[in-house]
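Please read the following report alongside the sequence and the coordinates.

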Amino acid sequence: MLASGALVELRRAGRWVPEEVAVGGFDDSRIARESNPPLTTIRQPLELVAREMVEVLLRRIEGDDEGPRILPTELVVRASA
């Protein structure tokens with residue numbers, strides 16, 4: 001949502017995306033696909049994120065703090081970058 005707002009403000013300021021400014025977002029929401037121009041974004045597996053978070057929380061409740069986890073992401077290149 002922030003990146004789509006940046007597109008609006010850049011347009012208002014007379015700047016051209018992506019010719020003058022590259023804009024990227026995160027989460028690959030519907031807004032990213034439907035913005036003008038469509039936003040380049042990072043897609044993350046939300047279902048896996050939710051599952052991992054529940055597991056981390058349950059382990060912490062049990063007193064086990066195993067540290068950070070790294071989950072896969074995907075760059076989705078569209079017209080904004």
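## Strand pairing and the sheet

In this predicted model, Gly24 has Thr40 of strand S2 as its bridge partner. Strand S2 covers residues 40-43, and its pairing with S1 runs in the parallel sense over three bridges.

These strands belong to an open sheet of three strands, arranged in the order S1-S2-S3 and with mixed pairing.

## The largest nonpolar core

Eight residues form the largest nonpolar core, namely Ala3, Leu7, Leu10, Val17, Val21, Val23, Ala32 and Leu39. Helix H1 (residues 2-12) supplies the largest share of this core, with three residues. In soluble globular proteins, nonpolar side chains tend to be buried together.

For Leu10, one of the core residues, the contacts beyond four places in sequence are with Arg15, Val17, Val21 and Val23.

Is Glu52 buried or exposed? Its relative accessibility is 19%, and because buried means under 20%, Glu52 counts as buried.

Glu52 is part of helix H3, which spans residues 46-61. When neighbours within four places in sequence are left aside, the residues in contact with Glu52 are Arg69 and Leu71.

Key: Residues are numbered from 1 along each chain as its sequence is written. This is a predicted model: local features need pLDDT of at least 70, side-chain atom pairs count only at pLDDT 80 or more; totals for chains, interfaces and linings use all residues. Side-chain values use heavy atoms; hydrogens and water are left out. A nonpolar core is a set of buried Ala, Val, Leu, Ile, Met, Phe, Trp, Tyr and Cys residues joined through side-chain atoms within 4.5 Å. Buried means under 20% relative accessible area, exposed over 50%, partly exposed in between (1.4 Å probe, protein chains only). Helices (H or I, at least four residues) and strands (E, at least two) are DSSP runs, numbered from the N terminus. Contact means heavy atoms within 4.5 Å. Two strands pair if DSSP finds at least two bridges between them.
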